[in-house]
Amino acid sequence: MTNVVKQFGLFLAPHRDDASRKEQAIAADRLGYGAVWFGTGRNSVGDLAFVEDVLASTERITVATAIVNMWVDEPETLAESYHRLAGRYGNRLLLGIGVGHPESVTGYRSPYEKIVDYLDRLDAAGVPVDARILAALGDRVLKLAAERSAGAHPYLVPVAHTRHARSLLGAGKLLAPEQKVVVDEDPVAARAIGRPYVRTPYLGLRNYVNNLLRHGYTEADVADGGSDRLIDDLVRHGSPETVAKGLRSHVDAGADHVAVQVLGPSPEVELANQRRLAEVLL
């Protein structure tokens, strides 16, 4: 069983270079965060080389992929890498896997069948159910996550989705939504930092937009870079205490763990704010 038991971890997105993300991961380990979730974008990461480097450089924190794209990396390659690392680092490794979105993949088709086939092949290669978590937004994949993995890692979701996801996953399954934050008490400045990370590419991707429309937002909210209401929900901002309250709302709605993506103008500012948040969260 994975050891993602602490309520808060960090999501480290690929818009930062790996050297910066490794530094943030080492700091997160020392600060007491429960996990680091490494965004992969469209890159092939099946060899888990960067994950291995971070595991070797940290002591206790869980290192999760977020996500291995099923259209990019073959399950047999991923399984081989998993077994190489699990023997050394045990349950500190968590495989976040998913099908991404159709706009980014040539030949994208039958995503649900793709997930089922991928999981079948991971089973055949001996990857335990508890060692993997599914990127899941819609009901069908959330239910599959409950049946065939440790749980669900939804990305770019409001608290309403967390509450709904918990109702579908049931008890005993890990629910670990991602939440963006900006530690800045000026709402105009905070939205200026956060809005671009919501607008591009997510408000142009139909799976994310449709999910937002299912959970309380209107067409007007998702148009023109996102309404202030939408941005404020998807990118919590304010003092560390205010941001922490927003993060805890996911826990109150049923999340076991929140993957906090701290946004800022530079890796150094992000690292400083990750430390400030640790003081009130951990």
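**Terms and the values behind them**

Reply: Gly-100 is found in the loop between strand E5 (93-98) and helix H4 (111-124). Please note that this is a predicted model.

Me: Why is Gly-100 called partly exposed?

Reply: The relative accessible area of Gly-100 is 27%. Buried means under 20% and exposed means over 50%, with partly exposed in between. Gly-100 is therefore partly exposed, at 27%.

Me: How far is Gly-100 from Thr-77?

Reply: Their C-alpha atoms are separated by 18 Å, and the two residues are 23 residues apart along the chain.

Me: What makes Ala-244 count as buried?

Reply: Ala-244 has its place in helix H11. Its relative accessibility is 1%, and buried means under 20%, so Ala-244 counts as buried.

Me: Which residues does Ala-244 touch, not counting residues up to four places away in sequence?

Reply: Ala-244 touches Val-280 and Leu-281. As for Ile-193, 51 residues from Ala-244 along the chain, the C-alpha atoms of the two are separated by 18 Å.

Me: Why are helices H1 and H12 called roughly parallel?

Reply: The axes of H1 (residues 18-31) and H12 (residues 267-281) come within 11 Å and cross at roughly 15 degrees. Angles under 35 degrees count as roughly parallel, so H1 and H12 are roughly parallel to each other. Their crossing is right-handed.

Me: Which residues make the contact of H1 and H12?

Reply: H1 contributes Ser-20, Glu-23, Gln-24, Ala-27 and Leu-31. H12 contributes Pro-267, Glu-270, Leu-271, Gln-274, Arg-275 and Ala-278. The residues of this contact divide into five nonpolar, three polar and three charged.

Me: Which residues of helix H6 are buried?

Reply: In H6 (residues 159-169), the buried residues are Val-159, His-161, Thr-162, Ala-165, Arg-166 and Leu-169.

Me: How do you know that they are on the same side of H6?

Reply: These residues cover an arc of only 150 degrees around the axis, which puts them on the same side of H6.

Me: What do the buried residues of H6 pack against?

Reply: They pack against four helices and strands named here among others: helix H5 (139-148), strand E7 (151-152), strand E8 (174-175) and helix H8 (206-214). Strand E10 (235-238) and helix H11 (240-252) are also packed against by these residues. Helix H11 is where Ala-244 has its place.

Terms used. Residues numbered from 1 in each chain as written. Predicted model: local features only at pLDDT ≥ 70, side-chain atom pairs only at ≥ 80, totals over all residues. Heavy atoms only, no water. Buried < 20%, exposed > 50% of the residue type's maximum accessible area, 1.4 Å probe, protein only. Helix = DSSP H or I, 4+ residues; strand = E, 2+ residues; numbered from the N terminus. Arc of directions from axis to C-beta. Contact = heavy atoms within 4.5 Å. Axes fitted to C-alpha atoms, helices over the stretch in contact; angles between N-to-C directions. Parallel < 35°, antiparallel > 145°, perpendicular 65-115°, else oblique. Left-handed = near helix turned anticlockwise from the far one by under 90°. Nonpolar A, V, L, I, M, F, W, Y, C, P; charged D, E, K, R; others polar.
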